[in-house]
Amino acid sequence: MSSKVKTKGSEKIYLFDSTLRDGEQTPGARLNFEEKLEVARQLARLEVDIIEAGFPISSPGELKAVQAISEQIKGPTICALARAVEGDINAAWEAIKNAEKPRLHVFLGASDIHMEYKLKKNPEVLIEQAVEAVKYARKFCPEIEYSPEDATRARDDYLYRLLEAVIKAGARIINIPDTVGYTVPEEFGALIRRLRENVNGLDQAMISVHCHNDLGLAVANSLEAVKNGARQIECNINGIGERAGNAALEEIAVALRIRSNHFPYYTTINYSEIYRTSRLVSKLTGISVPVNKAVVGLNAFAHSSGIHQDGILKNKETYEIIDAELIGGKAAQMCLTARSGRHAVMDQLKKLGFSLDKEELNKIYDHFVKLADKKKEIYPEDLEALILDHLSFTEPRYRLDYLQTVSGSKSIPAAIIRLKKDDDSTVEEVAVGAGPIDAAYNAINKITGLSIGLEKYKINAVTQGRDALGEVQVEMAYQDRKITGRGTSTDIIEASVKAYLNGLNKLLRLNGYQ
């Protein structure tokens, strides 16, 4: 089955991926520079049409990451978000000016509640501000997208005048955001229809939609908008995003494909990269995919009912409407061992979508050999976990040098931790705790002098078997920051310590300790 299909006579739906902007606003989902770049590379392999790479004015690190994505990622349009003020637009353009296909995305509140309580400005003044912002952005970039924030709660007459004005000023993509996930499909479809009928000049622009999932309707609202004239959908991998998240890219893409009889449109994404993209985003953000998640959840192709199993054995179509192979859900399970050489490891990495230079391969191969000494067989998921650890641990201030713990039913849990600092000096501490992991974390806090809280702790087996690689994800809190850390090892205590150090090193970089 081909992963790309264009239905004769149908129109294209452009998929605008905001995982690196709106998706990263998920609490605790902060990505570092290398992680953002790796997600962007995977989105390019997925062949999304537009990557919204970030909000450059938010921090110097964000601007630098968007610049790198713009310079290194080819294929998709690279978009940067800006409020309707010159400073934001300047920063956004500085970040994307070297992109192969740049786009500036400007937004400003349009609902009465946003204008009165958040912006505290007269609606007519805000129309003038929007127009001036679009005109200013057009001086830099020919492709301008404009979003009237909270459009689904805005007054129709105001929305019509605002959109006519920004289109006249040069906006060529008009995005209608359901910012708080308030609308329902019939209502949202009717809004898109009214805009097409009442906004002069809208035929000169593409209609886009951006739906949040507060009522669980983001995907349904997006598809209803398409039926009524929208041709771009803004969505995120795994549906991540603020609050209840955003429309899920994988659900929209597969719904358009499977129900092409109902939606006579097509996308040009590479469907076979969907599953791999989902896994990468999940692991790097630390946000697990629910097992019952549509399309990419672990149970999406699992059957426990005897009746269902009998039907599947006779004909898969009795209970499966999606072929797992369509989304790349059945990757080749080539097992590696301690006897596997660099060539075999490199080949498997390429199949997983990673491209490494010689130095990076040597580092990963050293980790591979150490893991292979502990495990009889290394699965693709194990190798993927090693790569993601390497991405997350770029330039750490602290590395684990030695770990010993004591625990038992009649003993006081304790841990000895020795860390190596970035100047190659070492520091060691002993601590007790409620258990060996808590004791280890207390020892690390004593070394750093920071009082870091642990808000969430989660462990999963990467693969099957008693020697499976354990993957630990933690959410850590320090002052007003929440950081996600991850670590892997065949020893769950060691994996837990690596995850804590991963989060600690991210925190130190963000707070400028390095």
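Mentor: Two strands are said to pair if DSSP finds at least two bridges between them. This structure is a predicted model, and in it 3 strands form an open sheet in the order β11-β12-β13, with antiparallel pairing.

Trainee: What makes β12 and β13 a pair?

Mentor: The definition asks for at least two bridges. Strand β12, residues 414–421, is joined to β13 by 7 bridges, so the two strands meet the definition. They run antiparallel, and I417 stands opposite E429 in β13.

Trainee: Why are β11 and β13 said to stand at the edges?

Mentor: β11 (398–406) and β13 (426–432) each have a single partner strand, so one side of each is left without a neighbour in the sheet. From one strand to the next, the twist averages 15°.

Trainee: How many disulfides does a search of the whole structure find?

Mentor: The search finds 0 disulfides. A disulfide is a covalent bond between the sulfur atoms of two cysteines.

Trainee: Are C141 and C211 buried or exposed?

Mentor: Buried means under 20% relative accessible area. C141 has 0% relative accessibility, so C141 counts as buried. C211 also has a relative accessible area of 0%, and therefore C211 is buried.

Notes. Residues are numbered from 1 along each chain as its sequence is written. This is a predicted model: local features need pLDDT of at least 70, side-chain atom pairs count only at pLDDT 80 or more; totals for chains, interfaces and linings use all residues. Side-chain values use heavy atoms; hydrogens and water are left out. A disulfide is a pair of cysteine sulfur atoms within 2.5 Å. Buried means under 20% relative accessible area, exposed over 50%, partly exposed in between (1.4 Å probe, protein chains only). Helices (H or I, at least four residues) and strands (E, at least two) are DSSP runs, numbered from the N terminus. Axes are lines fitted to C-alpha atoms, for helices over the stretch in contact, and angles run from 0 to 180 degrees between N-to-C directions.
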